[in-house]
Amino acid sequence: MLALQSSRKSADTDSSFADSCTPNVLPCKVHHDGPVELSQRYWKPVTDEKDDNRTAYFRGRKLRGRRVQLPDGYQGVVAVPTDRVLPVANKGIGDQDTDAVAEEPVKTLEAQSTFDEFIVWDHETLAAADDTFVKGVEEWIKFAEVMHDTPEKPTENDQNDRRISLLGQIDGKQGILIAERAAFATESVEVLQAFHASLARVRNLGNNDIYKWYMASTSPVESGDGPPDLKLNLIWPCTAQHIKKYSAQLVRMVTETPQIYKDYIRPYMQQKREQGRLNWVFNILEGRTEQEDVILRDTEHGPEDGFLVLPDLNWDRKTIGSLHLLALVERRDIWSLRDLKKKHIPWLKYLRQRLLEATVKIYPDLEQDQLKLYVHYQPTYYHFHVHIVNVMLEAGATQSVGKAFGLENIIGQLEALAGDDEAGMADTSISYYLGEENELWATVYEPLKKGNTPAVPRAFVAFALLSPHSTVARSTRPVLYNYFVKPRKSADMASHPDVPHTQKAFVPLENNPEVMSHLVHQLGLPPAFGFSDVFSIDDPDLLAFVPRPANALLLVFPVSEAYEASRVAEDAPLTEYDGSGPDEPVMWFKQTIRNACGLIGLLHAVSNGEVRQNVIPGSDLDNLLREAEALRPIERADLLYESKALESAHADAAKLGDTTAPDAEDNVDLHFVAFVKGSDGKLWELDGRRKGPLVRAELTADEDVLSDKALDLGPRPFLKKEAEGGKGDLRFSLVSLGPVFD
């Protein structure tokens with residue numbers, strides 16, 4: 001047990017504790033825990049005018065600070081442990097119990113200061129609601145309060161009165177609470193209030209993104225610690241789509257023809273995928289959340305065809321009669337059953353067989369013919385997944401005709417389809433039901449029923465016209481086609497500088513010399529070369545600390561409006577670079593992997609000049625550069641995209657550094673550019689977002705990339721553009737590649 005006491009230094013003051021403070025929780029490895037005097041040169045948070053949150057920069061990475069205000073009636077305390085214990089109260093002779101267990105000593109914590117708010121920092125975006133520190137205030141306290149508050153209204157009551165969804169507010173944001181039990185009465189608000197008051201012993205089962213689930217009891221606390229009789233699902237903060245989904249509404253049957261799918265539904269799916277709706281799925285697949293719940297991972301059919309199995313959030317995880325598992329596939333090119341083709345039949349059969357075998361092995365009370373496998377259409381989210389349920393589970397709305405499609409039936413339908421291996425479910429008509437609050441009914445099917453043309457956003461109409469199923473010639477609208485339809489091949493992105501969200505993504509690298517050196521040494525650069533921090537490009541004393549000659553510079557900077565305007569103006573008259581071969585003055589790579597600009601910049605640094613001549617023969621880096629040398633930029637980009645050695649080394653390096661790495665799917669507004677001295681003696685700017693390499697200066701034999709001329713025509717213009725944009729703070733980070741001296 002612990003007891004909180006005032007600090008001794010404040011014992012003589014009127015206040016109970018010491019002065020107040022505002023704690024900052026940083027996503028960094030800071031080897032200090034306590035107060036510190038910070039120079040504004042290194043830590044200068046800026047308060048956002050619209051929401052009172054914070055923005056700061058550390059080692060070239062943007063940090064966003066979420067201000068967490070403690071609720072009224074609560075006070076935070078910063079305390080340190082002590083060796084002191086509270087004295088045990090003396091008992092009278094008659095009160096002593098010879099059989100009693102000795103009381104545990106009560107240790108004391110000494111309060112240093114108090115706080116009414118604190119700041120939680122994260123990379124690029126504000127800390128999520130399921131952040132440990134945020135959740136402690138914004139979820140658990142508010143969750144307890146909402147349990148005893150009056151709900152706004154019941155949004156749905158289905159499955160024979162066994163599920164109830166309540167719409168309410170937590171900290172000013174709407175949320176949906178879904179509860180299941182034997183039967184619920186919903187005839188009045190008073191009954192709902194009684195339900196709230198009956199909840200006890202709420203236990204969290206897990207969290208993923210905006211979804212949380214709990215077990216709870218409705219029996220009085222004094223009745224004992226009986227087993228929970230409720231499963232609660234909380235969606236918070238919920239969206240308008242969630243509210244519509246769980247609201248009582250009429251249901252309509254619709255028939256989706258291949259033409260409707262091509263013109264309207266496929267673009268709609270693309271739109272939803274780009275809105276970040278799949279973050280929770282990727283969190284599971286990439287090992288960031290819910291790994292303790294994964295009961296099977298299978299890659300025997302090939303890494304790209306792998307899948308994992310975990311309990312569905314609607315199962316209580318113990319009642320075999322209501323068993324409900326979920327299989328998530330690794331591959332991201334199959335969004336729904338519409339993407340299944342005849343060529344996928346062997347994989348689907350393998351998937352079906354492994355799911356059946358693994359389930360009965362894990363749950364030996366079941367046999368394979370007691371299980372049914374199905375997929376939803378329309379699914380809740382557009383990443384292919386299979387439901388595995390006990391056939392005894394009552395077939396509610398999620399298993400009914402017009403929603404659930406048996407996996408065995410899908411395989412049979414694919415086998416019966418005419419055509420080659422590319423024929424598939426996109427070529428058939430599918431009937432299913434939609435609620436009238438569903439966005440697809442309101443925007444597509446209701447207008448079609450009334451004889452009107454659905455109002456689809458312009459960008460997605462263009463996508464539909466130029467999809468692979470369209471009869472429009474591909475060359476008619478190259479920009480829209482390249483950006484929306486064929487994300488894999490770099491040739492298709494030549495007209496657009498940014499990498500689409502559908503591309504493979506890497507975890508962003510920290511511009512840290514230790515991280516960069518680790519990566520290039522792992523790939524095949526000898527230890528004689530490495531990266532060093534460049535703390536100033538104006539102070540000669542600080543520049544003197546950088547090993548010379550400097551062969552390359554890696555600059556990370558914010559992609560501001562001022563920079564983008566300058567880049568667009570400079571690139572406009574240029575043609576796409578198409579060079580290759582040993583006579584190139586520099587080797588240049590087009591970036592086609594999201595958040596991989598750090599890797600592209602690093603490759604530019606080691607692929608050129610003196611460093612290139614010192615790569616260890618036969619290493620992964622040497623083999624990569626030899627193969628890339630003969631290729632055009634388009635093929636080079638595809639070579640990087642498919643390189644497993646490069647991806648593995650990058651993933652290992654991304655875990656290193658002084659700050660916690662952001663997620664691969666995060667939108668990062670910082671960008672890497674490399675400056676190198678080419679074999680022709682010129683200073684080159686190499687950026688995978690540009691149309692090709694850019695000559696910046698003619699350098700003499702004794703001038704390196706840190707010479708005054710190189711700095712004046714290389715990194716310094718970036719600083720100038722940022723200053724002209726009114727943001728001349730510490731938003732740049734620079735490292736140099738050169739010799740390593742013991």
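**Reading helices, sheets and local details**

Tutor: Let us begin with a pair of helices: α17 passes α18 in a right-handed crossing. Please keep in mind throughout that this is a predicted model.

Student: How is such a pair of helices described in general, and at what angle do the axes of α17 and α18 cross?

Tutor: Two packed helices are described by the angle between their axes and by the distance between those axes. Here the axes of α17 (residues 620-629) and α18 (residues 633-642) come within 9 Å and cross at roughly 155°. Because angles over 145 degrees count as roughly antiparallel, α17 is roughly antiparallel to α18.

Student: Which residues make the contact between α17 and α18?

Tutor: On α17 they are L624, E627, A628 and E629, and on α18 they are R636, L639 and L640. By kind, the residues of this contact of α17 with α18 divide into four nonpolar, no polar and three charged.

Student: Which residues of α12 and α19 make the contact between those two helices?

Tutor: The axes of α12 and α19 (residues 644-654) come within 9 Å and cross at roughly 150°, which makes α12 roughly antiparallel to α19. The crossing in which α12 passes α19 is right-handed. V515, H518, L519, Q522 and L523 of α12 meet A645, L646, A649, H650, D652 and A653 of α19, and the residues of this contact of α12 with α19 divide into seven nonpolar, three polar and one charged.

Student: How should I read a sheet, and in what order do the six strands of the open sheet lie?

Tutor: Strands of a sheet pair through backbone hydrogen bonds, either parallel or antiparallel. In this open sheet the six strands follow the order β23-β28-β24-β25-β26-β27, with antiparallel pairing. Its edge strands, each pairing on one side only, are β23 (529-533) and β27 (694-698), and neighbouring strands of the sheet are turned by 25° against each other on average, direction ignored.

Student: How many bridges join β23 to β28?

Tutor: Five bridges join β23 to β28 (residues 733-739), and the two strands run antiparallel; within this region D533 stands opposite V735 in β28. Helix α12 (residues 513-523) packs on the sheet, where it touches β23, β24, β25 and β28, and its direction makes about 165° with that of β23. Helix α15 (residues 597-606) lies across β23, β24, β25, β26 and β28, running at about 5° to β25.

Student: What describes a pair of aromatic rings, and how many aromatic pairs does a search of the whole structure find?

Tutor: A pair of aromatic rings is described by the distance of the centres and the angle of the planes. The search of the whole structure finds eight aromatic pairs. For W315 and Y363, the ring centres are 5.8 Å apart and the planes stand at 80°, so this pair is edge-to-face. W315 lies in the loop between β17 and β18, and Y363 in the loop between α7 and β19, so the pair ties together parts that are 48 residues apart in sequence.

Student: Which residues are joined by a cis peptide bond, and where does E124 lie?

Tutor: Most residues other than glycine have a negative phi, and most peptide bonds are trans. A cis peptide bond joins Y377 and Q378, with omega about -5°, and Q378 lies in the loop between β19 and β20. A cis peptide bond also joins R548 and P549, with omega about 0°, and P549 is placed in the loop between α13 and β24. E124, a residue other than glycine, has a positive phi near 70° and lies in the loop between β8 and α1.

Conventions
Residues are numbered from 1 along each chain as its sequence is written. This is a predicted model: local features need pLDDT of at least 70, side-chain atom pairs count only at pLDDT 80 or more; totals for chains, interfaces and linings use all residues. Side-chain values use heavy atoms; hydrogens and water are left out. Two strands pair if DSSP finds at least two bridges between them. Helices (H or I, at least four residues) and strands (E, at least two) are DSSP runs, numbered from the N terminus. Axes are lines fitted to C-alpha atoms, for helices over the stretch in contact, and angles run from 0 to 180 degrees between N-to-C directions. Contact means heavy atoms within 4.5 Å. Angles under 35 degrees count as roughly parallel, over 145 as roughly antiparallel, 65 to 115 as roughly perpendicular and the rest as oblique. A crossing is left-handed if the near helix is turned anticlockwise from the far one by less than a right angle, and right-handed if clockwise. Ala, Val, Leu, Ile, Met, Phe, Trp, Tyr, Cys and Pro count as nonpolar, Asp, Glu, Lys and Arg as charged, and the others, Gly among them, as polar. Rings of Phe, Tyr and Trp (its six-membered ring) pair if their centres lie within 6.5 Å; planes under 30 degrees apart count as stacked, over 60 as edge-to-face and the rest as tilted.
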